[in-house]
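Here are my notes on the model, as numbered points. Please read them alongside the sequence and coordinates.

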Amino acid sequence: MRQVRADEYAEFAAARAGHLYRSACLLTAGDTHLAEDLVQETLGRLYVRWSRVARADNPAAYAQTTLTRTFLAHKRLRRSSERATDVLPDSAAVASDATLRLTLLHALGQLPAKDRAVVVLRYWEDRSVQETASALNASSAAVRTRCTRALARLRALLGEDIGEYVRP
């Protein structure tokens, strides 16, 4: 029985790890090392509670919620504001999208952690207001307010016309 559960978990983790990593990269505003740590922590928490997760209606949503809460818990730590310097990229980016990607990641990094989480969940994960509120343990009104303020902040950071960064 344990082997069956372990195999189910391994299959789930292999299928969802890439998606969790991409979401973590957005939550961390491009900090790939922190994103890897968050995904590892999330998968560890899921493994410990796998019997509950496997019975859930939507284990993928459970995993995403765990990732978001792990990120927010990390941001509350005093040491979470430390940043490494002189980081080399893992691989070369496509030149035409590099400016847009860096600009957006920088702008996301300027948002407070909860606002960033709302933007990522609502617009990257394409979740509803209610799903986002549930993931963040907040009310729907709080999510709408944070979303409005975060988008206004992004517009102020990026300017009204972001089209200059998009390739023709």
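1. Read along the sequence, the protein chain runs α-α-α-α-α-α-α-α. The secondary structure comes to 8 helices and 0 strands. Bear in mind that this is a predicted model.

2. On the chain as a whole: of its 168 residues, 35% count as buried. The accessible surface is about 10,800 Å². Carbon and sulfur atoms hold 51% of that surface.

3. Contacts across the sequence deserve a mention. Take the contacts in the protein chain with a separation of 6 or more: residues 24 or more positions apart account for 68% of them.

4. Now the pair α1 and α4. Helix α1 covers residues 2–27, and helix α4 covers residues 59–76. Their axes come within 10 Å and cross at roughly 40°. The crossing of α1 past α4 is right-handed.

5. Which residues in α1 and α4 meet? From α1 come F12, R16, H19, L20, S23, A24 and L27. From α4 come P59, A60, A63, Q64, L67, T68 and F71. The residues of this contact divide into 9 nonpolar, 4 polar and 1 charged.

6. S23 sits in helix α1. Is S23 buried or exposed? Its relative accessible area is 0%, so S23 counts as buried; the cut-off is under 20%.

7. What does S23 touch, not counting residues up to four places away in sequence? The partners are Q64, L67, V120, W124 and E125. Q64 and L67 are also among the α4 residues in the contact with α1.

Definitions and conventions:
Residues are numbered from 1 along each chain as its sequence is written. This is a predicted model: local features need pLDDT of at least 70, side-chain atom pairs count only at pLDDT 80 or more; totals for chains, interfaces and linings use all residues. Side-chain values use heavy atoms; hydrogens and water are left out. Axes are lines fitted to C-alpha atoms, for helices over the stretch in contact, and angles run from 0 to 180 degrees between N-to-C directions. Helices (H or I, at least four residues) and strands (E, at least two) are DSSP runs, numbered from the N terminus. A crossing is left-handed if the near helix is turned anticlockwise from the far one by less than a right angle, and right-handed if clockwise. Contact means heavy atoms within 4.5 Å. Ala, Val, Leu, Ile, Met, Phe, Trp, Tyr, Cys and Pro count as nonpolar, Asp, Glu, Lys and Arg as charged, and the others, Gly among them, as polar. Buried means under 20% relative accessible area, exposed over 50%, partly exposed in between (1.4 Å probe, protein chains only). Accessible areas come from the Shrake-Rupley method with a 1.4 Å probe; for residues, only the protein chains shown count as cover.
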